[in-house]
Amino acid sequence: DALARQLAAKLGLQAVEGPEDTALMNDALALLAQEQVDHTLFWRRLCGMHEPQGQEAVRDLFLDRSAFDAWAARYLARTAEMEPVALAARMRLCNPKYVLRKHLGENAIRAAKAGDFSLVAQLLSVLQSPFDEHPEHEALAGFPPAWAASIEISCSS
C-alpha cells in the first residue's frame, strides 16, 4: 500500500482509484526496466508532461517510442481532468531533480583529496533541497557520463 501511494504521488495522482491505476504504475515500472531508463530523469521529466514539449522530453528517454506512446496515452487520459500547473507542482514535491550520483560523489572526492572542497560544498548545498530547480547547477541533474558506469561502490566506500 505504501509503495502504491508513493508511485501514485510520483504520477501526480492523489489516490489509487482502482486496478487501472495499479496497472498504469506497474506498466511504468516495467517500461523503465525494459528500456533501462534513468529513473530520476524519467520521474522529474514526467512532471512537465503537460507542458509544451514536455511529452517529447520524456519520450526522448525511450528507444521504443511506441511503447512509451501507448503508456503516455493512458497516463494523459488518467490525468486529463487535473489542472496542469497544480499537477506539475504536486509531482515536483516528490520527484527530486538532484540525487547523489556515483560520478558526482567521485568528482567531489577526487577534488577534496586534492584540497579543493568546493564540489563537496556545492553538492551539499544542492542536495539539501533536491526538489528545487537550482538553475545554476543544472549540470548536476543530467545524465551520468559513460565513465561513471565503471564506478563500483561498496559498503566500505
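Guide: Of the 157 residues of the chain, 38% count as buried, where buried means under 20% relative accessible area, exposed over 50% and partly exposed in between, with a 1.4 Å probe and protein chains only. This is a predicted model, in which local features need pLDDT of at least 70 and side-chain atom pairs count only at pLDDT 80 or more, while totals for chains, interfaces and linings use all residues. Residues are numbered from 1 along each chain as its sequence is written, and side-chain values use heavy atoms, with hydrogens and water left out.

Visitor: How many helices and strands are there in the chain?

Guide: The chain has eight helices and zero strands. Helices here are DSSP runs of H or I with at least four residues, strands are runs of E with at least two, and both are numbered from the N terminus. Read from that end, the order is α-α-α-α-α-α-α-α.

Visitor: What box do the C-alpha atoms fill?

Guide: Along the principal axes, the box is roughly 55 × 35 × 30 Å. The accessible surface of the chain is about 9200 Å², and carbon and sulfur atoms hold 58% of that surface. Such areas come from the Shrake-Rupley method with a 1.4 Å probe, and for residues only the protein chains shown count as cover.

Visitor: And the charges: how many positive and negative side chains are there?

Guide: There are 15 positive and 21 negative side chains, and the centres of the two sets are 4 Å apart. Lys and Arg count as positive and Asp and Glu as negative, whereas His and the chain ends are not counted. Each charge is placed at NZ of Lys, CZ of Arg, CG of Asp or CD of Glu.

Visitor: Let us turn to α3. Is it mostly covered or mostly open?

Guide: Helix α3 is mostly covered, with six of its eight residues buried. Those residues are Thr40, Leu41, Phe42, Trp43, Arg44 and Leu46.

Visitor: What do they pack against?

Guide: The buried residues of α3 pack against α1 (2-10), α2, α4, α5 (65-78) and α6. A contact means heavy atoms within 4.5 Å. At the start of α3, the backbone nitrogen of Thr40 has a side-chain oxygen of Asp38 within 3.1 Å.

Visitor: What about Val37, where is that?

Guide: Val37 sits in the loop between α2 (19-35) and α3. Val37 is buried because its relative accessibility is 6%. Beyond residues up to four places away in sequence, Val37 touches Leu32, Phe42, Leu61 and Phe62.

Visitor: Arg90 next. Which helix holds it?

Guide: Arg90 is in helix α6 (residues 84-92). Arg90 counts as partly exposed because its relative accessible area is 26%. Apart from neighbours within four places in sequence, its contacts are Gly12, Gln14 and Met82.

Visitor: What does the side chain of Arg90 reach?

Guide: The side chain of Arg90 reaches the backbone oxygen of Gly12 at 2.9 Å. A polar contact is a pair of N or O atoms within 3.5 Å; within protein, one must be able to donate a hydrogen and the other to accept it, and residues adjacent in sequence count only if both atoms are side-chain atoms.

Visitor: Now α7. How far does it reach?

Guide: Helix α7 (residues 102-113) has 12 residues and spans 16 Å from its first C-alpha to its last, close to the 16 Å expected at 1.5 Å a residue. The expected span is 1.5 Å times one less than the number of residues. His103, Leu104, Gly105, Ala108, Ala111 and Ala112 are its buried residues, and these pack against α8 (118-127).

Visitor: Which residues does Leu123 contact over there?

Guide: Leu123, which lies in helix α8, is in contact with Leu100, Leu104, Gly105, Ala108 and Leu140, leaving aside neighbours within four places in sequence. Leu123 is buried because its relative accessible area is 10%.

Visitor: One last topic: what is the phi of Gln53?

Guide: Its phi is near 65°, a positive value in a residue other than glycine. Most residues other than glycine have a negative phi. Gln53 lies in the loop between α3 (39-46) and α4 (54-59), and counts as exposed because its relative accessibility is 63%.

Visitor: And is His134 buried or exposed?

Guide: His134 is buried, since its relative accessible area is 14%. His134 is in the segment after α8 and has a positive phi of about 45° although it is not a glycine.
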